[in-house]
Amino acid sequence: MNPKETGFTLEIKTHPWTEDTENQVDFIIKTLGLTGKERILDLACGFGRHSLSLARRGFSVVGVDLTQSLIEDAVQSAKASGLTVEFIHADTLDLRVENEFDVVLNLADGMLGTFEEDEENLRFFDVIARALKPGGKHLMDVCNAEHAEQFFPKRHWKVGSKMISLPDFDWDPVRRRMLFTDWGLTFGEIAMPPDNIQKDTEGTRLYTKAELTAILQDRKMRVVQTFSNYYGKPATPKELQLMVYSVKA
């Protein structure tokens, strides 16, 4: 079990980056050429925002996450909306599915790179490749190692309708890990000093586009396109976000 994952709470539902969900799903459907008949596996689904949106559009979706409170909230949201979505509380590395899904998603980092050992991070890619049917499609949304190398440390503000998120990013070049610390100000509440901020010491293993291409090729997966946002901007080291769309042979 990765201890970092157990720290997520339902507070993330108010973060600005959750407000673009419907546009993100629109982009996924268009870019992957989905018809509505595909069976989708949403890895590290959190509170199920993408899974629920896809289910509303008629897709068969299974969401998996390590944090029980998030899965419980996703289940309640599905029931409240009358949606049929299977949500599973599990460690992704324990999944034993093979040739079952037309699409696998890893969005908002999707746990990629969050394991302590590089061997475990590579096992995560094994889970992805094994779960896909031949010809199945995978989309990951991660942070770009080339950007981290060139532009970290940095601060990156994100303003939403409920709060402003104020993350700090730093870079460990030896372990090739992003060190991420976040603090948020909720609108309408009195701002308090960030005395309780815990510095990230474990970090998240980041990869370059070339590294991800090689890792996927080792698993018989071919990169189709890469992007730097959900509006189709081509991938570039100048942008923090790196999205990779690949297909299983």
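Guide: Residues are called buried under 20% relative accessible area and exposed over 50%, with partly exposed in between. The structure discussed here is a predicted model.

Visitor: Is glutamate 211 to be counted as buried, partly exposed or exposed?

Guide: The class follows from the relative accessible area, where buried means under 20% and exposed means over 50%. Glutamate 211 has a relative accessibility of 26%, so its class is partly exposed.

Visitor: With which arginine does the side chain of glutamate 211 meet in a salt bridge?

Guide: Side chains of opposite charge can pair when their charged atoms come close. For glutamate 211 the N to O distance of the pair is 4.0 Å, and the two partners stand 35 residues apart, with glutamate 211 in helix H6 and the other in the loop between E9 and E10.

Visitor: How far apart are the closest N and O atoms of arginine 176 and glutamate 149?

Guide: Arginine 176 lies in the loop between strand E9 (168-172) and E10, while glutamate 149 belongs to helix H5 (residues 145-151), so the pair ties together parts that are 27 residues apart in sequence. Glutamate 149 is itself partly exposed, at a relative accessible area of 40%. The two residues form a salt bridge in which the closest N and O atoms have a separation of 2.7 Å.

Visitor: How many salt bridges does the structure hold?

Guide: Besides the pairs already described, Glu22, Asp26 and Arg57 are linked in a network of salt bridges. For the structure, the number of salt bridges is eleven.

Visitor: Which residues of the largest nonpolar core touch the most other members?

Guide: In soluble globular proteins, nonpolar side chains tend to be buried together. The largest nonpolar core here has 30 residues, and the elements that give two or more residues to it include E1, E2, strand E4 (101-106) and helix H4 (118-131). H4 gives the most, with six residues. The members that touch the most others are Phe125 and Ile128.

Visitor: What arginine is in contact with phenylalanine 125, leaving aside neighbours within four places in sequence?

Guide: With those neighbours left aside, phenylalanine 125 is in contact with residues including Leu112, Met140, Tyr207, Leu212, Ile215 and Leu216. The list also holds one arginine, which is Arg219.

Visitor: What handedness does the β-α-β crossover from E1 through helix H2 to E2 have?

Guide: Strand E1 (residues 39-43) and E2 run parallel and are joined by five bridges, and in E2 the bridge partner of leucine 43 is valine 64. The chain passes between these strands through helix H2 (residues 49-56), and the crossover is right-handed.

Visitor: In E3, which residue is the bridge partner of valine 64?

Guide: Strand E2 (residues 60-65) is mostly covered, five of its six residues being buried. E2 pairs with strand E3 (residues 86-89) in the parallel sense over four bridges, and together with helix H3 (residues 68-81) the two strands make a right-handed β-α-β unit. In E3, valine 64 has as its bridge partner isoleucine 88.

Visitor: Which strands stand at the edges of the sheet, each with a single partner strand?

Guide: The sheet in question is open and consists of four strands in the order E6-E9-E10-E12, with antiparallel pairing. Strand E10 (residues 177-181) is joined to E12 by two bridges, and the bridge partner of methionine 178 in E12 is threonine 204. Each edge strand has a single partner strand, so one side is left without a neighbour in the sheet, and these strands are E6 (154-155) and E12 (204-205).

Visitor: What distance does helix H1 reach from its first C-alpha to its last?

Guide: The buried residues of helix H1 include Phe27, Ile28 and Ile29, and its buried residues pack against H2, E4, E5, strand E13 (221-227) and E14. Just after H1, glycine 33 takes a positive phi of about 65 degrees. H1 (residues 21-32) has twelve residues, and its reach, close to the span expected at 1.5 Å a residue, is 16 Å.

Definitions and conventions: Residues are numbered from 1 along each chain as its sequence is written. This is a predicted model: local features need pLDDT of at least 70, side-chain atom pairs count only at pLDDT 80 or more; totals for chains, interfaces and linings use all residues. Side-chain values use heavy atoms; hydrogens and water are left out. Buried means under 20% relative accessible area, exposed over 50%, partly exposed in between (1.4 Å probe, protein chains only). Two strands pair if DSSP finds at least two bridges between them. A crossover is right-handed if, with the strands pointing away from the viewer, the path from the first strand over the helix to the second runs clockwise. A nonpolar core is a set of buried Ala, Val, Leu, Ile, Met, Phe, Trp, Tyr and Cys residues joined through side-chain atoms within 4.5 Å. Contact means heavy atoms within 4.5 Å. The expected span of a helix is 1.5 Å times one less than its number of residues.
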